[in-house]
Amino acid sequence: MDERRLTKGKNILFCTISVILLIVLLFPLFWTLITSFKTEKEIFRIPPTWYPHEWNTKSYAAQIETGDFNMFHSFFNSFMISTGATVIAVVLAVPASYAIARYKFAGRKAMLLGFLVTQMLPVSVLLTPMFIMFRNMNMYNTWGAAILADATIGIPFSVLILKNYFASIPAALEEAAYIDGCTRFGAFMRILVPVAKPGVVVCAIFSFLYAWGDLAYGMTFILDQEKRPITAGIFNFMGQYGTKWSYLTAFAIVAIIPVTLIFIFMQKYIISGMTNGAVKG
Amino acid sequence: MKKVKTFFRYDNIGLLFILPAFIYMMVFVGYPILSNILLSLQDVSVRNLVKGEKHFIAFANYVGLFQDAVFLKSVKNTLVFTISCLIFQFLIGFLLALLFSKRFSFAKTVRGLTMIPWMMPMTVTALMFKFMFSTDVGIINYIFTKLGLIQSNIEWLTTPGTAMIAVIVANVWIGIPFNTILLSTGLTTIPQELYESASVDGANSFQKLTRITLPLLRPTIESVLVLGFIYTFKVYDLVYVMTEGGPVNSTHLLSTYSYKLSFDMFQYSKGSAVANVLFLILLLVGLLYLKITMEGEED
């Protein structure tokens, strides 16, 4: 913090410390991955093996074949639900955040406060009323219920993040578009949204991640295992085969594939979202 | 028609952009909040749900909660859980942030990788820690035995007390990245010159930490703690998957107890009363936080 440049020795020291800390911190992931490739017998061996002595991919393969807790099937459900929720969140939040950043319309403060407050909501407040509502709408036990519910996490987060992006775009850019004959909506779509694109990507990623990680909505609003998201699948599986750790860890690894991909390819957006997001869901 | 046009001519055109999102939130969040309040003032359980009877019983559900030993235990558990998590995730996050503020070659890469736990679905995190804390195959028991800390395997998740420790450890793991990244960003805003002139005046590292870093970082520290409180106080999935509130209600939080009441015991009204107590506490803390942060900001 106080030295601008580190000496060579200190640099090596800090690099070593940080790598050791990282290994400790990420150990749970490493251990889960390793375990998913072990045989059930090897998992119970004492002392534990630090890498699979006998590579076992059956835990993954078995899940493709059997229908009951087919993890790739629930992966697909999760993917559709999360994508649906992301689309709704982005389509609604992008114009809303633009309005908050640019216009001083009636009720602006109250609406902004409303978005902030929804971020403090515990899911348990919404579960029962939503459950009753979706049943009345004939949407209970469909992807749609989970999609609509999951979008309510992404929208406020996206509005709050994006309003900063829109506020940082110079107003002159917009005015130039009006002079060239653009309508308000035309200028918004053709000039502002493209400029705010990094912010839109952050919102899409976070809306997707929130929906992907959701358990409560998916588990409560969808009854049939074939339609449930992967998190609910894991929870059910744990209830029925509590100690079949080879299958369970394989299930966990499949569930984090999209998270890993997003992390690898979009890391900078994640850090930006975490620091700008003030209040997360 | 002309009146409508004039209304939307200037700033009010913003309404056209915001209303779709606002209406959506009113329908799927606003209405449920109100209906949950109403539900908590009625007597709806599985016995009378089908018949459609909804007796208005005012605050009887809330009054009843204070004679409910499990509710009182959940309040205590939620506080113990939240405060323990806050302390540990803040301390570890702060140390990591200080480490990453040194400009060593791996700093950025390693800082990026420490964000991973935060992105995990909570269900997966819960599964991983349930596995590591399990009695016979758990790696934690193995390591503790090897280090000579324990004589025989601890039944972490089936003993009250140790189960709470296990869920706290898992939640701290999730919370560290959030603390690290926010504090790390906060540290970069402190001007280097301050440290340089302090060095010239002969200040040691500890003095620099207590006289420069901590005071200047105060706004960041405040928001990290308040936001951390809000997220931790309402944690649900993690604990529900790891212990379902057990053993003997020793890890029941307000969130998990509310879920259990509504969807396991089908006492909808009582469950929603618990949820509302949880929401009320969060709302008070949250509004206080907004009041602090919005001071000085014009909007």
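Let's start at Ser134(B), which sits in the loop between helix H8 (122-132) and helix H9 (139-146) of chain B. A helix here is a DSSP run of H or I with at least four residues, a strand is a run of E with at least two, and both are numbered from the N terminus. Ser134(B) counts as buried because 21 other C-beta atoms lie within 10 Å; the cut-off is 20 or more such atoms, with C-beta atoms placed from the backbone, while 12 or fewer means exposed and anything in between partly exposed. Ser272(B) is 138 residues away from Ser134(B) in sequence and 33 Å away in space, C-alpha to C-alpha.

A quick word on the ground rules. This is a predicted model, where local features need pLDDT of at least 70 and side-chain atom pairs count only at pLDDT 80 or more, though totals for chains, interfaces and linings use all residues. Residues are numbered from 1 along each chain as its sequence is written, and chains are lettered from A and ligands numbered from 1 in the order in which they are written.

Now step back to the whole of chain B. You'll find 15 helices and two strands in it, and 42% of its 299 residues are buried. Its C-alpha atoms fill a box of roughly 75 × 75 × 30 Å along the principal axes.

How do the two chains meet? In total, 82 residues of chain A are in contact with 80 residues of chain B, where contact means C-beta atoms, placed from the backbone, within 7 Å. Helix H1 (residues 8-36) of chain A gives the most to chain A's side, with 13 residues. That side has 61 nonpolar, 14 polar and seven charged residues. Here Ala, Val, Leu, Ile, Met, Phe, Trp, Tyr, Cys and Pro count as nonpolar, Asp, Glu, Lys and Arg as charged, and the others, Gly among them, as polar.

Inside chain A, look at helix H3 (residues 58-65) and helix H13 (residues 245-255), whose axes come within 8 Å and cross at roughly 80 degrees. The axes are lines fitted to C-alpha atoms over the stretch in contact, with angles from 0 to 180 degrees between N-to-C directions. H3(A) and H13(A) are therefore roughly perpendicular, a label for angles of 65 to 115 degrees. Ser59(A), Tyr60(A) and Gln63(A) of H3(A) make the contact with Ser246(A), Tyr247(A) and Ala250(A) of H13(A).

Finally, find helix H10 (residues 197-213) of chain A. H10(A) is mostly covered, with 13 of its 17 residues buried.

Notes. Two residues are in contact if their C-beta atoms, placed from the backbone, lie within 7 Å. Angles under 35 degrees count as roughly parallel, over 145 as roughly antiparallel, 65 to 115 as roughly perpendicular and the rest as oblique. The expected span of a helix is 1.5 Å times one less than its number of residues.
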